[in-house]
There are 2 protein chains.
Amino acid sequence: MTVAPELLYLLTGDPAEFAEVVAGMQPADVADALRSLTPEAAARVVAALPFDLAVLVLDAPELENRREIVRAMDPRISGPLVDAMSGDQQAELFREMPEPERARLLPALHPKGRESLQLLLKYPPESAGGIMTTEFLSVPATWNVEQALQLIRRVGGAKETVYAVYVLDPENGSLRHVVSLRELILSDRARRVDQVGSTRDPLTVTPWMDREEVARLISKYDLLAVPVVDPNGRVLGIVTVDDVIDALVAETTEDVQKFGGMAALDEPYMEIGLPRMLRKRAGWLAALFVGEMLTATAMGHYEHEIERAVVLALFVPLIISSGGNSGSQATSLIIRAMALGEVRLRDWWRVAVRELPSGLCLGAFLGVIGVGRIYLWQELGWYDYGPHYPLVALTVGVALVGVVTFGSLAGSMLPFVLRRLGFDPASASAPFVATLVDVTGLVIFFSVGLLILRGTLL
Amino acid sequence: MTVAPELLYLLTGDPAEFAEVVAGMQPADVADALRSLTPEAAARVVAALPFDLAVLVLDAPELENRREIVRAMDPRISGPLVDAMSGDQQAELFREMPEPERARLLPALHPKGRESLQLLLKYPPESAGGIMTTEFLSVPATWNVEQALQLIRRVGGAKETVYAVYVLDPENGSLRHVVSLRELILSDRARRVDQVGSTRDPLTVTPWMDREEVARLISKYDLLAVPVVDPNGRVLGIVTVDDVIDALVAETTEDVQKFGGMAALDEPYMEIGLPRMLRKRAGWLAALFVGEMLTATAMGHYEHEIERAVVLALFVPLIISSGGNSGSQATSLIIRAMALGEVRLRDWWRVAVRELPSGLCLGAFLGVIGVGRIYLWQELGWYDYGPHYPLVALTVGVALVGVVTFGSLAGSMLPFVLRRLGFDPASASAPFVATLVDVTGLVIFFSVGLLILRGTLL
């Protein structure tokens, strides 16, 4: 491809020509190209695409402004396209729509599709029920392999995946067994489907399970899909591996942005408008700022000591940042260990028992560097910390042990506290931890100073 | 299961009994259970498992101490097991082994497996070549669908995936076409395989492509596997979706830990020993500490001003933390946008142009809160900032605009600088940014103070 199709369209304005150029491209790439057009132009192009490609393009999560494009289309054209979309993407589209747009599009769907759409919309978008697809292949347990293969050949084109076949109890329709297409192909044609493949109970999830948890299961057991079942064991839908990858990527973005101390952006950085981005960032920044104002109060409390020993003030940024850094290390470790399921809520004391010696060692290490720095500067004549400089150095060293230990402990416990209170532990951002630790760091520093320097400087 | 199998083993000490209990379990769960045994005990248990389950257990990435377990086994038993492992996991196992252990195990492998193992070991573990598997199904383009299906039935059991069949040029063996098992099943049996399915050129990757990049491709195009080809278009292996999920999870862990300001742990938090964890954490902590020592130098530079206007010192923690927080937000945004491919190196100035107004607005917002706080405390009589308190408030407000703007700019540019220098942009941790911004924040604050307060307080 020498000319980008979106450029060509801007030059010629002919949707048919655009459609012809992109016909040989991957649907995700067509979706990418459509992003630079207005919704109205994109709607004309989608309408001019071959039907199957148009459906695949609408199915691509890369199509950011899908809702606007569908809205810009004639419902007689958009109806059949949306009807043919995969169930999970259809649900995502409807979730973005306000009620009047939904009402306009719903009648265009087949009654069966409408029903399963309404099922999906019942569940939160970050749950298994919210990302599942209701198109899956099921057969009664009494069928044999040949019958199952024939069914796949007949209806397989319309299902999102044919690589797993769900074997149901012919009496009550509950899930009895899962057999993969590979196992069917390799097996004797006359065998009963429930006799093929693994004898283990099939892995299932509830529709309310968090999508991150589902991703963990699929990743751990190397599955291509996992069935979502209701309390009676009936299959509501399946979550496929590609939905899980999308979910993993989205969760990672959310976690990284939260850890940076802001609300999740939910839109690509280069595309989000300035007012929206400011709103996403200002909230946390202001909250942290208000928390950090306590440092001014704490410093005010020690104003008298600072006046008498200005030398102490020089080390304030160094001391409190060390607490913040060790806290941020500990928090990132625990957040990730929680996300991977390595650490559970009840493990909090085991973590505390690990972080206490870690903090003491790391604090002592930094303390030695800090004391060395003060002696070195003093001896080399680079700075004069006054006649009591050994006591000042001691104060800094002891305070560092205390601050780093407290930082490690507080940073590691914060995700537990948040989870216990029902918040996402990933909200324990590095800035959050730093703010929490700063005030305590000041109190530790000045308390140590009062103990060591009373009678000399203070 | 009422008694955990590892407990049972500790009670009875009988590997056969353990093997019997776990026989109905998922391989990943057996691997989990084995982790709490010594390598010697685990080796005895694996040897007692049915051969196929033992291979699957050794294949599970959950088996943390796989190398030690294999080493503890008789090579006559471990040889056939390792030989039957999937190619990519085999390569990971050999990568962990020192030369003598490799030499002991290599002769036990089939010559063909040995060859493809040596191919995989040529590539770095984080590249497509390092995580690919060499077991895939290929057919000449002249075959028909029936022939391909028969091949799958004959050899499919031994291949990691049968869901994609690679159609090769019969002349030079280069990749011509990819057809999915689903397309084969749905197609007419007499058709030539290269006439089935999409007419698009198959997506391929080079063996040197970063695994994160491969993950992005697989996720974008919803693939179950992507072929890895050499410069002549011959297929070296394939990267499957489950490898990609494992890679995504590992990369996320690395990124979160790095962003928390430490080296990647590479081991589960609850299992790593204290000395190793200290080493991973102490390095960055000490580097940040040394960087942060510049704040003591900067503060020393303004010692005279602090002596005369102690009230300024009270706001030092508040000012510098605001710079650090806004910087950490900006960094996390850009790191993630880079990882998702939304932002490239050459976009640096577009990012700067977005961050400048963001920083100014956010800084002004915090500045207003800060000024309000000082006025409020003063008017309510909660604290006395002296007769010149309106000027002190102005200093704090203006400094906040400057510090937050600088923080946003520096935080957003740091990942670009790191990438330009050949480092991982994810190394731009929140503490790194905070340290970078702290010194500048102090200079901005005191410079603003000198400008505004000269003649009154200073």
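**Helix crossing and chain contact in a predicted model**

Modeller: The contact takes 95 residues from chain B and 95 residues from chain A, two residues being in contact if their C-beta atoms, placed from the backbone, lie within 7 Å. This is a predicted model, in which local features need pLDDT of at least 70, side-chain atom pairs count only at pLDDT 80 or more, and totals for chains, interfaces and linings use all residues. Residues are numbered from 1 along each chain as its sequence is written, and chains are lettered from A and ligands numbered from 1 in the order in which they are written.

Biologist: Which helix gives the most to the side of chain B that touches chain A?

Modeller: Helix α19 (residues 316–339) of chain B does, with 17 residues. Helices here are DSSP runs (H or I, at least four residues), numbered from the N terminus.

Biologist: Why are α19(A) and α22(A) called oblique to each other?

Modeller: Their axes, lines fitted to C-alpha atoms over the stretch in contact, with angles from 0 to 180 degrees between N-to-C directions, cross at roughly 135 degrees. Angles under 35 degrees count as roughly parallel, over 145 as roughly antiparallel, 65 to 115 as roughly perpendicular and the rest as oblique; the two helices are therefore oblique.
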